[in-house]
Amino acid sequence: MLYSNPAGGGLLEHLVPDGQRESGLRAWPRGVHALPLDSAGDEEPVTRRLTDGATTYDLRFSPVRDSQASAVAHVLVARDVTEQLRVEEELRATGAQLEQAFDATVKALSAAVESRDPYTLGHQRRVAALAQAIGAELGLEAELLRGLLVAAEVHDVGKIQVPIEILSRPGRLTAVEFEIVKQHAEAGYQILKGIAFP
């Protein structure tokens, strides 16, 4: 005996030729590399994914057991996951775009700081490479390594608040100037503390 709700009936009409619903239902799972209904899910439910044209279904075959625990029938539940998969793909694409924008922003910020201090040009990139190498040697996970790289690239952002005359002046700094330069770490913290970094 075969029963399907309206959604299942629509799926069957789409996949199985007219007049062959009972036999067709038993045959078509083999064609999509799922188990045929006479053996599918005898021990436990079996899940397969079927893509038919532009529509994707998640299929679940489950046994119906009698009082002796023998599988006397099977239930097939088909769920249209096309829209869910489309949304997931859009989210992945959006996440990748945001990640690229974030990386570009960090690099632009780093370049802006370095443009004010020609004596340390390339310093932040070198610190980032060194920090990443140390993190890799310590066996840090990928996300921690990425965070370490970003932190290293922006570690001197507080230099934006140091007067350009002090940053670009050749020669030894006075004690007062050196104190001003040392404040760039706290200035960087104040600049970055409100950002919700990934």
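**Exercise 1.** Which strands does α3 lie across, and at what angle does α3 run to β2?

*Solution.* This is a predicted model, in which local features need pLDDT of at least 70, side-chain atom pairs count only at pLDDT 80 or more, and totals for chains, interfaces and linings use all residues. Residues are numbered from 1 along each chain as its sequence is written, and side-chain values use heavy atoms, without hydrogens and water. Helices (H or I, at least four residues) and strands (E, at least two) are DSSP runs numbered from the N terminus. Helix α3 lies across β1, β2 and β3. Its angle to β2 is about 130 degrees; angles run from 0 to 180 degrees between N-to-C directions, with axes fitted to C-alpha atoms, for helices over the stretch in contact (heavy atoms within 4.5 Å).

**Exercise 2.** Describe the sheet.

*Solution.* Two strands pair if DSSP finds at least two bridges between them. Step one: the open sheet has three antiparallel strands in the order β1-β2-β3. Step two: β1 (46-52) and β3 (71-80) are the edge strands, each pairing on one side only. Step three: neighbouring strands are turned by 25 degrees against each other on average, direction ignored. Step four: β2 (residues 55-65) pairs with β3 over nine bridges. S62 has V75 of β3 as its bridge partner.

**Exercise 3.** By class, which residues are in the lining of the largest cavity?

*Solution.* Sorted by class, the lining has one nonpolar, three polar and three charged residues. Here Ala, Val, Leu, Ile, Met, Phe, Trp, Tyr, Cys and Pro count as nonpolar, Asp, Glu, Lys and Arg as charged, and the others, Gly among them, as polar.
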